Amino acid sequence: MSVSLRKARTIIRKTLEKGREMDLKPLSVVVLDAGGHVIAFEREDGAAPGRFAIAHGKAYGSVMLGMAGTAQMQRAEAQAYFMAAVNGVYGGQVVPVPGGVLLRDRKGAVIGAVGATGDTSDNDAAAAMAGIEAAGLTGET
């Protein structure tokens, strides 16, 4: 199973809707496939232009490590040298905080990731999960 463009667009649309419902700051959302390639991205009006790199880094670290943003942050806190090394391996593209959400199929295999940014990391993750669930997929924060 992979994430279709249609599902990616649904995830983004519903994530942004949830962000507005929660009265969050303007969000930026990216959906990656299992190889870390961008399927879709949107940045709300008013979101900082550098938010693509942050959203991408949250999702990229999740898919490349098979570890959601919350687990990455815990690992970074426990073993900072490990996450520093990982970031070196991946050219500084990993942002190890909540808001990077793994997408899994019914058997638990990673099929992609979502990166959301713009508000607090926990709020970003909550909005992303709402988008993922609305698309009928399973997310892991």
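In which loop does Asp23 lie? Asp23 is placed in the loop between H1 and S1 of this predicted model.

**Asp23 and the end of H1**

- Helix H1, residues 5-21, is followed by Asp23.
- Although Asp23 is not a glycine, its phi is positive, at about 60 degrees.
- Asp23 has a relative accessible area of 69% and is therefore exposed, the cut-off for that class being over 50%.

**Helix H1**

- The 17 residues of H1 should span 24 Å at 1.5 Å a residue, and the 24 Å between its end C-alpha atoms agrees with this.
- Ala8, Thr10, Ile11, Ile12, Thr15, Leu16 and Gly19 are the buried residues of H1.
- These buried residues pack against S1, strand S2 (38-43), S3, S4 and H5.
- An α-helix has 3.6 residues a turn, so residues three or four places apart point the same way.
- Thr10 is a member of H1 and counts as buried because its relative accessibility is 16%, where the limit is under 20%.
- With neighbours within four places in sequence left aside, Thr10 is in contact with Gly131, Ala134 and Ala135.

**Nonpolar cores**

- The largest nonpolar core has 21 residues, of which Ile11, Val31, Leu103, Val114 and Ile132 touch the most other members.
- At least two residues of this core come from each of H1, strand S1 (28-33), strand S3 (100-104), strand S4 (110-117) and helix H5 (121-134).
- Beyond its neighbours within four places in sequence, Val31 is in contact with Val3, Ala8, Ile11, Ile12, His37, Val38, Ile39, Ala40, Leu103, Ala113 and Val114.
- Another core, of 7 residues, lies apart from the largest one and includes Val30, Leu32, Tyr60 and Val63.
- In soluble globular proteins, nonpolar side chains tend to be buried together.

**Helix H2 and His56**

- H2 has 15 residues, and the distance from its first C-alpha to its last is 21 Å, close to the 21 Å expected at 1.5 Å a residue.
- Ala55, His56, Gly57, Lys58, Ala59, Tyr60, Gly61, Ser62 and Val63 are buried in H2.
- The elements against which the buried residues of H2 pack are S1, S2, H3, S3, S4 and H5.
- His56, in helix H2 (residues 51-65), has a relative accessible area of 12% and is therefore buried.
- Excluding neighbours within four places in sequence, the contacts of His56 are Val30, Leu32, Gly36, Val38 and Gln93.
- His56 and Met129 are separated by 73 residues in sequence and, C-alpha to C-alpha, by 16 Å in space.
- Gly66 follows H2 and has a positive phi, near 65 degrees.

**Contact of H3 with H4**

- The axes of helix H3 (residues 69-78) and helix H4 (residues 80-89) come within 5 Å of each other and cross at roughly 120 degrees.
- H3 and H4 are therefore oblique to each other.
- H3 contributes Gln72, Arg75, Ala76 and Ala78 to the contact, and H4 contributes Ala80, Phe82 and Met83.
- By class, the residues in this contact are 5 nonpolar, 1 polar and 1 charged.

Definitions and conventions: Residues numbered from 1 in each chain as written. Predicted model: local features only at pLDDT ≥ 70, side-chain atom pairs only at ≥ 80, totals over all residues. Heavy atoms only, no water. Axes fitted to C-alpha atoms, helices over the stretch in contact; angles between N-to-C directions. Helix = DSSP H or I, 4+ residues; strand = E, 2+ residues; numbered from the N terminus. Parallel < 35°, antiparallel > 145°, perpendicular 65-115°, else oblique. Contact = heavy atoms within 4.5 Å. Nonpolar A, V, L, I, M, F, W, Y, C, P; charged D, E, K, R; others polar. Buried < 20%, exposed > 50% of the residue type's maximum accessible area, 1.4 Å probe, protein only. Core = buried A, V, L, I, M, F, W, Y, C linked by side-chain atoms within 4.5 Å. Expected span 1.5 Å × (residues − 1).
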